[in-house]
Amino acid sequence: MASNRFAVVLDGLTKRFNGKIAVDHNSYEIEEGVIFGLLGPNGAGKTTTIRLLSGVLEPSEGDAEVYGYRLSNDVNIIRSIVGVLPENRALYDRLTAQENLEFYGRLYGVEPPELNERIESLLSFLDLQDVRNTFVGKFSMGMRQKVALARALIHQPKLLLLDEPTSNLDPVMSAKFKEYIKELSRDLKTTILISSHHLAEVENLCSKIAVINNGRVISVGDINELKRRIWGYREFEIRLLELKPDFKKIVESISGVSDVRYTGNKIFYRCVDADKVNPSLIKALVQANAEIISLNEVERTLEDLYMKLIRGE
Amino acid sequence: MRFRVSMIVARKEFKEIVLRSRLILSMIYVLPVVFGVVMPCVLAWISLPMIWAPITGYSIPPLTDNWWLIPPGGQFYIFFINLYAGLLNLVQPLMIPVYIAADSFAGEKERKTLEPVLAAPITDFELLFGKALTSLIPALTVSFLSISLSIIAVNIIGFQVFGFIIYPVVPILLLYIIGVPLMSLLTVFAMVLISSKVNRVREASQVGGVVITPVLILFFTQIFGVVELSMVTVTIYILVLILTVACLMFASLKVFNRRRLIEMI
């Protein structure tokens, strides 16, 4: 058993298919209880990473550790503590929602009456009680998605691997699902890895991400830290009641301020050391009788970060 | 190997594939009636005149204790009924698993439902064993039901004429007791191999049709007098079956590998 600080440790994890590399010596850690985002374009290796971590695929090289168990030695134990929502949902159409959940529950060693309680609570949370005895083949995409989610959660996994988890959910269910994911992470300390193209959703849910392209990890870490590391500066916006020509001179004279732009009553500027620059700038403007309405940081989105990393924009 | 886990798979597959497939359900209901009662009865009834016909040129091994007391026509009748009823009952343990196993193995690939099962804590062997049980249990149940019905039906007619049980003779009985389970196993393992190469249930069941060949070979070699229906030929046939099943089982275990399966999806 390794240290329990990290739920997942990838150690040079590599997967090749017929000589073609899908995951290329990936090494990073995911802390316990964290919601971790796995980002990358199509074919980057996200699904293969999920399949490797769930014990479905065998690494060609390297290894990974899940809650102290190594893929190379304890794959069946890893399978029992991991829950997976695969991209294609993979449900049995000729079984009902209840039967699908019962099968997987039993496969993971959950037996009645506990199994019935869990099914009841998951179906109720996902608003599926009324259709529990309907064949899954008759379900809409969104409903199938919900059953697949319930299946991934039926054995209360310690590590949850979700491939595009909200892709077919309506906005209300999507919001509810995100809340539930946060709850799992916060209250049960479940570690969650989300692979998604929905960058706003990842930004909303995840504290840490790994961006992969062509199987390689381009960047990994805390989203805000990555933004700082990538851009190296922060951008701010000062809104004034009235922008006088003197104020422009003051802003441009402050040391550390760069790339100043003016739009209407707003001043945009960039700086590296905001803690030092902002107080001096505000003080100078106030002394010049500027009436400041607000000072805000211009937030870079995860999408900006992603584009920068993948396309260098 | 945890039998409990295999049974969980078998129960699910039985519900999904057997109980909810009209084709398989109708086979289960219809085959014992047609192959076990209707066809053997019709054959036994319409062939009765051959008992008194002067048949020569056939060398038929003694199939019962009373063999030499029976006129040549009667001997041929018993041989004929055993052979045909035997063929009808030996086709079923091959036919039923073809459809169930095709749906179970190739169907799972076609419907892309394998990934979560392969991510669950179940070994390849437990999964294979569970799926094999799904095919074997209905096949053996239907086959032995059909055999029992055919024994009753044929002897109702035969006993009145001969005064003893004319069917099954010992070699056929041996084929039923040992050959039927072996033939079902052969089909299941053959279907595992076929399903590893094809991605559609229909293709798998069509290709799977060739597994009926061993029975047809036995049948036609009898008809054309190449080999005789005797304890020796049946024993050789069973030994060949055992060897074939063993080879197919090893090949299936090699092919039924979750890592290979997921790479095919």
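Which strands of chain A does helix α1 (residues 46-53) of chain A lie across? Helix α1 of chain A lies across β1, β2 and β4 (61-66) of chain A, and runs at about 65 degrees to β2(A). This is a predicted model: local features need pLDDT of at least 70, side-chain atom pairs count only at pLDDT 80 or more, and totals for chains, interfaces and linings use all residues. Residues are numbered from 1 along each chain as its sequence is written, while chains are lettered from A and ligands numbered from 1 in the order in which they are written.

**Sheet of chain A**

- Four strands of chain A form an open sheet in the order β2-β1-β4-β5, with antiparallel pairing; strands (E, at least two residues) and helices (H or I, at least four) are DSSP runs numbered from the N terminus.
- At the edges are β2 (20-31) and β5 (69-70) of chain A, each of which pairs on one side only.
- Strand β1 (residues 6-17) of chain A pairs with β2(A) in the antiparallel sense over eight bridges; two strands count as paired if DSSP finds at least two bridges between them.
- Arg16(A) has Ile21(A) in β2(A) as its bridge partner.

**Domains of chain A**

- Chain A is assigned domain 1 (6-227) and domain 2 (233-311), with bounds from an automatic or database domain assignment.
- The centres of the two domains of chain A, taken over C-alpha atoms, are separated by 41 Å.
- Twelve residues of domain 1 of chain A are in contact with eight residues of domain 2 of chain A; contact means that C-beta atoms, placed from the backbone, lie within 7 Å.
- On the domain 1 side, α7 (199-205), β9 (208-213), β10 (216-222) and α8 (223-231) of chain A give two or more residues each.

**Helices α2 and α5 of chain B**

- The axes of α2 (residues 22-46) and α5 (residues 124-162) of chain B come within 8 Å and cross at roughly 25 degrees; axes are lines fitted to C-alpha atoms, for helices over the stretch in contact, and angles run from 0 to 180 degrees between N-to-C directions.
- α2(B) and α5(B) are therefore roughly parallel to each other (angles under 35 degrees).
- Residues that meet in this pair include Phe35(B) and Trp45(B) from α2(B), and Leu145(B) and Ile157(B) from α5(B).

**Interface between the chains**

- 19 residues of chain B are in contact with 27 residues of chain A.
- α1 (3-18), α4 (114-118) and α10 (258-264) of chain B each supply at least two residues of the chain B side.

Definitions and conventions
Contact = placed C-beta atoms within 7 Å. Parallel < 35°, antiparallel > 145°, perpendicular 65-115°, else oblique.
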